[in-house]
Structures are given as structure tokens and as C-alpha cells.
Amino acid sequence: MTHESKREPGGRREALKAIAAVGGAVGCASLAVPAARFVLAPAKGGAEGGRWIKTVPVASLAEGEPKRVALIADHRDAWTLEKQVELGAAWLEKRSDTVLAWSVVCPHLGCAVGRAASGPGFYCPCHDSSFDGDGRRLTGPSPRPLDALPTRIEGGIVMVEFQRFRQGTPEKEPVG
Ligand code: FES
């Protein structure tokens with residue numbers, strides 16, 4: 001046992017290294033796809049458009065009187081599902097057979113828009129943008145009117161299509 005037997009353990013080691021290297025490469029390749037999904041998934045989703053959310057009974061709205069309602073729904077991202085979270089809010093106003101809705105997010109820099117101190121309309125306290133009762137900009141730096149949201153009534157409940165829009169732009173551009 002001599003020379004041969006001394007070389008054998010070394011040869012086995014080399015063989016094991018080679019097997020480990022191949023196995024590692026296969027393992028890395030098989031992890032690469034899920035890892036890429038893991039990294040990319042948060043960047044996806046949410047940009048596919050508005051989402052219809054149940055709000056309040058239409059009977060709870062007074063004619064011509066805006067009411068702020070929370071937009072609550074399950075929220076799912078790539079990893080988790082949160083039940084019934086507040087995704088945003090909207091001003092709803094019943095006008096005869098229809099209900100109008102505007103996002104409460106100010107199109108300027110995103111502060112919450114409230115009711116005007118007096119009369120119809122809305123007001124953003126952050127930089128003094130004001131809007132009339134139809135959401136049109138009256139004064140201040142907001143580059144566009146309030147963002148109107150589509151509505152429909154189903155079984156007496158007001159459904160609102162929730163969507164976020166880019167801030168600070170004259171055009172209403174949906175964002176994810
Ligand atoms: S965020 Fe509303 S006016 Fe600036």
C-alpha cells in the first residue's frame with residue numbers, strides 16, 4: 001500500500017469536490033428562478049388598474065352632502081394577505097340617482113383634502129389648494145382637479161373604483 005493507496009484518498013477527495021461543484025451549480029440554477037421572482041415580485045402587481053371596493057349604503061348619504069368614507073378591503077402583496085385594511089379614502093356625494101366620488105389625496109403633494117371651511121367644495125391645508133363642489137381647482141398649487149373615482153351602486157351599496165394617481169402632474173396618471 002504504498003504509493004497507490006496514498007493517492008486513492010486524494011482521488012476520492014477530488015471526485016467528491018467535482019460532485020459537490022456540479023451539485024452546487026445545479027442547486028444554484030434551481031434557486032435562481034425563485035430568487036429572481038422573490039426580488040422582482042414586489043415591483044410587480046398593483047399597477048393593473050383600479051379595484052372596486054364596497055363602501056356604504058347609498059341610503060346613508062344625504063343628497064348633495066359630501067361624506068368621507070374609508071376604502072377598506074383585503075390587501076395582498078407578493079408575500080402576505082392583510083384582511084380588511086384601509087387602502088385609502090374618498091369623498092362621496094349623492095346627486096339624484098348617482099354618487100360622485102373623489103380621492104381624498106391632494107393632486108399636489110398628497111395631503112388629505114378636507115371640506116371647505118364654508119360652503120361647498122374642498123380644501124387642502126398643506127399649501128392652500130381649494131376646489132369647488134365638483135372637484136375643480138379654484139386656487140393653490142394643485143396642478144389639476146381632485147381625482148374623480150368611478151362609482152356604481154350594487155344592491156344599495158356604493159362601489160368605488162379605487163386607484164392612486166401620480167402627484168404633481170397636470171394629467172391624471174394612474175400609478176400602481
Ligand atoms: S398637498 Fe395639497 S396643496 Fe400641496
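## Positive phi outside glycine

Asp-128 sits in the loop that links E6 to strand E7 (129-131). This residue is not a glycine, yet its phi is positive, about 65 degrees. Asp-128 counts as exposed because it has 12 C-beta neighbours inside 10 Å, and a residue with 12 or fewer is classed that way. All of this is read from a predicted model.

Ser-96 is another non-glycine residue with a positive phi, about 55 degrees. Its place is the loop between E3 and E4. Ser-96 has 7 C-beta neighbours inside 10 Å, so it too counts as exposed.

## Overall make-up and confidence

The protein chain holds one helix and twelve strands. Starting at the N terminus, the order is α-β-β-β-β-β-β-β-β-β-β-β-β. The chain has 176 residues, and buried residues make up 18% of them. Take the contacts between residues at least 6 apart in sequence: 45% of these join residues at least 24 apart.

The average pLDDT of the protein chain is 82, and 72% of the residues score at least 70. Where pLDDT is low, predicted coordinates should not be read in detail.

## The three-stranded sheet

Three strands form an open sheet in the order E1-E10-E9, and the pairing is antiparallel. Strand E1 (51-57) and strand E9 (151-154) are the edges; each has a single partner strand, so one side of each lacks a neighbour in the sheet. From one strand to the next, the twist averages 30 degrees.

E9 and strand E10 (residues 157-162) run antiparallel and are joined by four bridges. Thr-151 has Val-160 in E10 as its bridge partner. Glu-154 stands opposite Ile-157, also in E10. The two strands form a hairpin with two residues between them. Gly-155, in the turn, has a positive phi of about 55 degrees.

## The nonpolar core

The largest nonpolar core contains 20 residues. Ala-90, Trp-91, Leu-92, Ala-101 and Val-160 have the most contacts inside this core. Two or more residues come from each of strand E2 (67-76), strand E3 (81-95), strand E4 (98-103), strand E6 (122-124) and E10. In soluble globular proteins, nonpolar side chains tend to be buried together.

Val-160 pairs with Thr-151 and is among the core residues with the most contacts.

Leu-92 can be followed through its contacts. Neighbours within four places in sequence are left aside here. The remaining contacts of Leu-92 are Thr-55, Leu-61, Pro-66, Lys-67, Val-69, Val-99, Ala-101 and Val-158. One of these, Ala-101, is also listed with Leu-92 among the core residues with the most contacts.

## Glu-171

Glu-171 lies in the loop between strand E11 (164-165) and strand E12 (174-175). It has 9 C-beta neighbours inside 10 Å and therefore counts as exposed. Glu-171 is 26 residues from Pro-145 in sequence. In space, their C-alpha atoms are 9.5 Å apart.

Methods: Residues numbered from 1 in each chain as written. Predicted model: local features only at pLDDT ≥ 70, side-chain atom pairs only at ≥ 80, totals over all residues. Pairing = 2+ DSSP bridges. Axes fitted to C-alpha atoms, helices over the stretch in contact; angles between N-to-C directions. Core = buried A, V, L, I, M, F, W, Y, C linked by C-beta atoms within 7 Å. Contact = placed C-beta atoms within 7 Å. pLDDT = per-residue confidence, 0-100.
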